[in-house]
Amino acid sequence: APFKKDIQKWVRNLTNSTEILESWLIVQNLWVYLEAVFVGGDIAKQLPKEAKRFQNIDKSWIKIMTKAHETPNVVQCCVGDETLGQLLPHLLEQLELCQKSLSGYLEKKRLVFPRFFFVSDPALLEILGQASNS
């Protein structure tokens, strides 16, 4: 068993990397969805608190992506330090707060115009975005 410690270390690193990458993908998908809403546009003006929150999330996200770009080894990037393991859950929590506020905003729009109840959130966001552009 001369390699046992090395193998255990690799298993631990690969397991942690997998968990971080799964969390990363969830955060990334939510970030992409919300970025279209909160970067510019009318909805950002309607929800200034969430727009500010998203701005802070965006800064952290850019730092994460810069670090990933500078560290091509995926295991080293994920488990080289504790940053990602601690930051990603926090970002997800903040993004979920933004999404919750956005859902409340869309719900208010649906109450004003009931036909919007038959439209998905992404389609409604597009409709509201086009209405503010004209």
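These legends describe close-up views of a predicted model. Residues are numbered from 1 along each chain as its sequence is written, and side-chain values use heavy atoms, with hydrogens and water left out. In this predicted model, local features need pLDDT of at least 70 and side-chain atom pairs count only at pLDDT 80 or more, while totals for chains, interfaces and linings use all residues.

**View 1. Valine 27 in helix α1.** Valine 27 lies in helix α1; helices are DSSP runs of H or I with at least four residues, numbered from the N terminus. Valine 27 has a relative accessible area of 1% and is therefore buried (buried means under 20% relative accessible area, exposed over 50%, partly exposed in between, with a 1.4 Å probe and protein chains only). Apart from neighbours within four places in sequence, valine 27 is in contact with Trp61, Leu88, Leu91, Leu92 and Leu95, where contact means heavy atoms within 4.5 Å.

View 2. Helix α5 covers residues 83–112, which is 30 residues. The expected span of a helix is 1.5 Å times one less than its number of residues. For helix α5 this gives 44 Å, and the end C-alpha atoms are 44 Å apart, which agrees. Buried residues of α5 include Leu88, Leu91, Leu92 and Leu95, which are also among the contacts of valine 27. Residues three or four places apart in an α-helix point the same way, because there are 3.6 residues a turn.

**View 3. Glutamine 46 in helix α2.** Glutamine 46 is in helix α2, residues 41–46. Its relative accessibility is 43%, so glutamine 46 counts as partly exposed. Glutamine 46 and leucine 102 are 56 residues apart in sequence, and their C-alpha atoms are 9.8 Å apart in space. Valine 27 and glutamine 46 are 19 residues apart along the chain, with 24 Å between their C-alpha atoms.

**View 4. Cysteine 77 and cysteine 78.** Which cysteine sulfur is closest to that of cysteine 77? It is the sulfur of cysteine 78, at 5.3 Å, and this is too far for a bond, since a disulfide is a pair of cysteine sulfur atoms within 2.5 Å. By this rule the count comes to zero disulfides. Cysteine 77 is buried, because its relative accessible area is 4%. Cysteine 78 is buried too, with a relative accessible area of 1%.

Conventions
Helices (H or I, at least four residues) and strands (E, at least two) are DSSP runs, numbered from the N terminus.
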